[in-house]
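I opened a new notebook page for one protein chain. My plan was to go from the whole chain down to single residues.

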Amino acid sequence: MTEKPRMEARTLHPIRASGTFALILLFLMIGLFMAFAFELADGADDPVILVVLAAATLGVFGLWVRENRISQRAANAPATPRREIKAALLIPLQAGIVMAYVAALLAAMRFVPELDGFFKGMLQSLPVGLVAGWVVVWIYIILESDEMIRRLMTTATAISAGGVLCAATFWALVTLHADLPAFDAIYLFPAFAALYGVVSAVLIQRQT
């Protein structure tokens, strides 16, 4: 029994071959889903809008899966470079992502009450996308760096996560017995990322 011949790789537009179009579709899907969730939470006064948003979310998801596969098989897909990554150079990038997250969060808190539907979902999904971007940079460091850098980054992650969890748990226990404001969960990521940056810089400095 012979195998079916594989589809020949096609030369695509650079935007599609690099996966940029697939990434745009991913963000669009997240925005549509958030808009659907907000419409559902508001009571779904207009079932037509609800159905359209649900169908659009599923349709964009299917397009994203298709484009992602096509970009991986494209004849002109960029090859992943294999080189040692200087983690210290990527820490400022992660810090920039955290600053953008805080800015997006403030923008969402300011403008979301005035928006509705699609635009509301898109603005609300922007912080989620920035968190995902930070995780992608972290994974890139882990995969492309040598064993020592991987160990340092893993150690920094464990220390930072443990520190933030201990601090959040302590503050939660304090608020049970005192009239103090609770720590909002949306600030856990910037708190963790800030501590991670400090711990990473200290560990890298000690090893160099």
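How much of the protein chain counts as buried? I found that 29% of its 208 residues do, where buried means under 20% relative accessible area, exposed over 50% and partly exposed in between, with a 1.4 Å probe and protein chains only.

I noted the basis before going on. The model is predicted, so local features need pLDDT of at least 70 and side-chain atom pairs count only at pLDDT 80 or more, while totals for chains, interfaces and linings use all residues. Residues are numbered from 1 along each chain as its sequence is written, and side-chain values use heavy atoms, with hydrogens and water left out.

**Entry: overall make-up**

I looked up the elements and found 7 helices and 0 strands. Helices (H or I, at least four residues) and strands (E, at least two) are DSSP runs, numbered from the N terminus. I then looked up the contacts, meaning heavy atoms within 4.5 Å. Among contacts with a separation of 6 or more, 78% join residues 24 or more positions apart. The accessible surface is about 13600 Å², and carbon and sulfur atoms hold 70% of that. Such areas come from the Shrake-Rupley method with a 1.4 Å probe, and for residues only the protein chains shown count as cover.

**Entry: the cores**

I searched for nonpolar cores, which are sets of buried Ala, Val, Leu, Ile, Met, Phe, Trp, Tyr and Cys residues joined through side-chain atoms within 4.5 Å. The largest has 24 residues, and Trp134, Ile141, Leu152, Met153, Phe189 and Tyr196 have the most contacts inside it. At least two residues of this core come from each of helix H4 (87-111), helix H5 (117-144), helix H6 (147-177) and helix H7 (188-207). Apart from this core lies another of 6 residues, including Leu25, Met29, Leu32 and Ala35.

Beyond its neighbours within four places in sequence, Tyr196 is in contact with Gln94, Trp134, Trp138, Met153, Ala156, Thr157 and Ser160.

I found Thr57 in helix H3 (residues 47-73). Is Thr57 buried or exposed? Thr57 counts as buried because its relative accessible area is 10%. Its side chain reaches the backbone oxygen of Leu53 at 2.7 Å. Not counting residues up to four places away in sequence, Thr57 touches Met29, Leu32 and Phe33.

Gly129 is in helix H5 and is buried, at 10% relative accessibility. Gly129 and Leu26 are 103 residues apart in sequence, yet their C-alpha atoms are 9.3 Å apart in space.

**Entry: charges**

I counted 1 salt bridge, a salt bridge being a side-chain nitrogen of Lys or Arg within 4 Å of a carboxyl oxygen of Asp or Glu. Arg66 pairs with Glu67, with the closest N and O atoms 3.8 Å apart. Arg66 is partly exposed at 47%, whereas Glu67 is buried at 5%.

H4 and H6 each give two or more residues to the patch. H4 gives the largest share, 3 residues, and Leu106 has its place in H4.

Definitions and conventions:
A polar contact is a pair of N or O atoms within 3.5 Å; within protein, one must be able to donate a hydrogen and the other to accept it, and residues adjacent in sequence count only if both atoms are side-chain atoms.
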